[in-house]
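Please read the following note alongside the sequence and the three-dimensional view. It is written as a series of numbered points.

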Amino acid sequence: MIVLGISAFYHDAAAAIIKNGTIIAAAQEERFTRKKHDPDFPSNAIKFCLKQAKVNLNQVDHVVFYDKPFIKFERLLETYLAFAPKGFLSFLKAIPLWIKEKLFQKRLILEDLKKINSEFDPKKLLFSEHHLSHAASAFFPSPFEKAAVLTMDGVGEWTTTSLAIGVKNNLTIKQEIAFPHSLGLLYSAFTYYAGFKVNSGEYKLMGLAPYGQPIYADLIKKKLIEVQSDGSFRLHMEYFNYPVGLNMTSSQFHQLFKGPPRKPESLITQKEMDLAASIQKVIEEIVIKIAKNIRKETGLENLCLAGGVALNCVANGKLIDEKIFKNIWIQPASGDAGGALGAALAVHYMMYKQKRVIQKNDAMSGSYLGTEFSQFEIEQKLKRMGAVYKTYSQTEMVK
């Protein structure tokens, strides 16, 4: 069985292909277009995956999209209704785009697939749920027969945090936290306030944290988020504007931290460093608290992680240091790009009940699943560019 997974239209568009449960190839569209976090339909990534698998699109048993756009549209409408009349300008801006493109993504996806192969059968197109795709990307390539699976991100359709239990070839979602309460969006709010771009600048905020002191951590926990003993949480939404606004934070957020958001590309001050250190500390504390409760409630020794928050390698390191679980496996492509792989794996194992052969080493092939270039190809490219270069042997390079 051959399954092609795709993610697209939000950020980090990607494709992944599996054959009889083996991951053959996976790549982000940005690697081909050179557009960072390219959200467009991953035509180039799909063609690469098909080439690596030595098949054409019509030979694929299923193409599966990593989430369900119609449920996202439902969440958008319900959110605007819940906050009305606040957010009317955002509503006017978002709805035409949804009606024109996103609400009819099935049709758009089929049109793009038929551009690759005009004979593609529409019946082969399937849709997974966002957090199930994340969970599948984490559990099925892991070396565990049984594990708890924690996914945390901004938001999928409705879910922002989920706990699933993976056993052999199946995943069961046990608990969820729903939008607008989200660790990912909380971190993105500080990304925005510190003057960085949401959905890409979070890495900068994490990198800024070691230069500051967590002097705002207690204020964040007192005013912005209410955390229970089991790690579940609720945000105090009066401080945030993202459900219906054109930006992430409200005027009350700005008053709390005594000033407007930093202007992008302006001088970074100690304030931004301290804010970064503070939100980093809060996120680490919450993740550890959630993990401790999962260990207590499930008794499982193995934990898998995915979702955008699992890209916070500093928090991951702190979690490992706590030794809450005997083993932790983190999906290398924890963000939406990895959802393409998870969607394909979910169809293979959960829909078709295929037997799962657990690889104790690495089912991800060291994550070397994208494009590669031979020495000859590299030299030919350099020659065509008129570049000046010198070649070294492997022995010379490692001296």
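This is a predicted model: local features need pLDDT of at least 70, side-chain atom pairs count only at pLDDT 80 or more; totals for chains, interfaces and linings use all residues.

1. Two packed helices are described by the angle between their axes and the distance between the axes. For helix α11 (residues 270–298) and helix α12 (residues 313–321), the angle is about 45 degrees and the axes lie 9 Å apart. α11 is therefore oblique to α12, since angles under 35 degrees would count as roughly parallel and those from 65 to 115 as roughly perpendicular.

2. The crossing of α11 past α12 is right-handed. On the α11 side, the contact is formed by Gln280, Glu284, Val287, Ile288 and Ala291, while α12 contributes Val314, Ala315, Lys318 and Leu319. Sorted by class, this contact comprises 6 nonpolar, 1 polar and 2 charged residues.

3. Which residues of α12 are buried? They are Ala315, Asn316 and Leu319. These residues lie on the same side of α12, because the arc they cover around the axis is only 100 degrees. The buried residues of α12 pack against α11 and also against β11 (302–306) and β12 (327–330). After α12 comes Lys323, with a positive phi near 55 degrees.

4. Helix α9 (residues 217–224) has Ala217, Ile220 and Leu224 as its buried residues. Their arc around the axis is only 75 degrees, so they share the same side of α9. Asp218 and Lys222 are exposed, on the face of α9 turned away from the buried side.

5. The cover over the buried residues of α9 includes the helices α7 (183–193), α10 (251–256) and α11, together with the strands β9 (225–227) and β10 (233–235).

Conventions:
Residues are numbered from 1 along each chain as its sequence is written. Side-chain values use heavy atoms; hydrogens and water are left out. Axes are lines fitted to C-alpha atoms, for helices over the stretch in contact, and angles run from 0 to 180 degrees between N-to-C directions. Helices (H or I, at least four residues) and strands (E, at least two) are DSSP runs, numbered from the N terminus. Angles under 35 degrees count as roughly parallel, over 145 as roughly antiparallel, 65 to 115 as roughly perpendicular and the rest as oblique. A crossing is left-handed if the near helix is turned anticlockwise from the far one by less than a right angle, and right-handed if clockwise. Contact means heavy atoms within 4.5 Å. Ala, Val, Leu, Ile, Met, Phe, Trp, Tyr, Cys and Pro count as nonpolar, Asp, Glu, Lys and Arg as charged, and the others, Gly among them, as polar. Buried means under 20% relative accessible area, exposed over 50%, partly exposed in between (1.4 Å probe, protein chains only). The arc is that of the directions from the helix axis to the C-beta atoms.
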